[in-house]
Amino acid sequence: MDLAAAEWRKSSRSGGGSDNACVEVAFAEVAVGVRDSKQSGGSHLTFSDAAWRKALRTWC
């Protein structure tokens, strides 16, 4: 899925440590993109809406 035009934002689940290790997320119509904020020009993971909700329940 092409998320080039997506609006990426820092995840509320990212830590605020001094190393600036952050995860960014972008919500599209049918998917959620996740990427490393330090590598914003690099690749990203794409989750279906259902998989994203399931992952959040697992991680939280």
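A search of the whole structure, which is a predicted model, turns up one aromatic pair. The partners are F47 and W52, with ring centres 5.7 Å apart and planes at 55°, so the pair is classed as tilted. W52 has a relative accessible area of 10%, so it goes down as buried (under 20% is buried, over 50% exposed, and anything in between partly exposed, using a 1.4 Å probe and protein chains only).

Next comes the sheet. Four strands make up an open sheet in the order β1-β2-β3-β4, with antiparallel pairing. The edges are β1 and β4 (45-48), each of which pairs on one side only. Strands here are DSSP runs of E with at least two residues, helices are runs of H or I with at least four, and both are numbered from the N terminus; two strands pair if DSSP finds at least two bridges between them. β1 and β2 (residues 23-27) are held by two bridges, and K10 sits opposite E24 of β2. β2 is joined to β3 (residues 31-36) by five bridges, with V25 facing V34 of β3, and three residues lie between these two strands in a hairpin. Four bridges then link β3 to β4, where A31 stands opposite S48. Helix α1 (residues 49-59) packs on this sheet, touching β2, β3 and β4, and its direction makes about 100° with that of β4 (axes are lines fitted to C-alpha atoms, for helices over the stretch in contact, with angles from 0 to 180 degrees between N-to-C directions).

Within β3 there is R35, which at 15% relative accessibility counts as buried. The R35 side chain makes a polar contact of 2.7 Å with that of E24, meaning a pair of N or O atoms within 3.5 Å; within protein, one must be able to donate a hydrogen and the other to accept it, and residues adjacent in sequence count only if both atoms are side-chain atoms. Beyond its neighbours within four places in sequence, R35 is in contact (heavy atoms within 4.5 Å) with residues including W8, C22, S40 and H44.

A4, in the segment before β1 (9-10), is exposed at 67% relative accessibility. Its C-alpha atom lies 9.4 Å from that of G41, 37 residues away along the chain.

Local features need pLDDT of at least 70 and side-chain atom pairs 80 or more, while totals for chains, interfaces and linings use all residues. Residues are numbered from 1 along each chain as its sequence is written, and side-chain values use heavy atoms, leaving out hydrogens and water.

Notes: Phe/Tyr/Trp six-rings, centres within 6.5 Å; stacked < 30°, edge-to-face > 60°.
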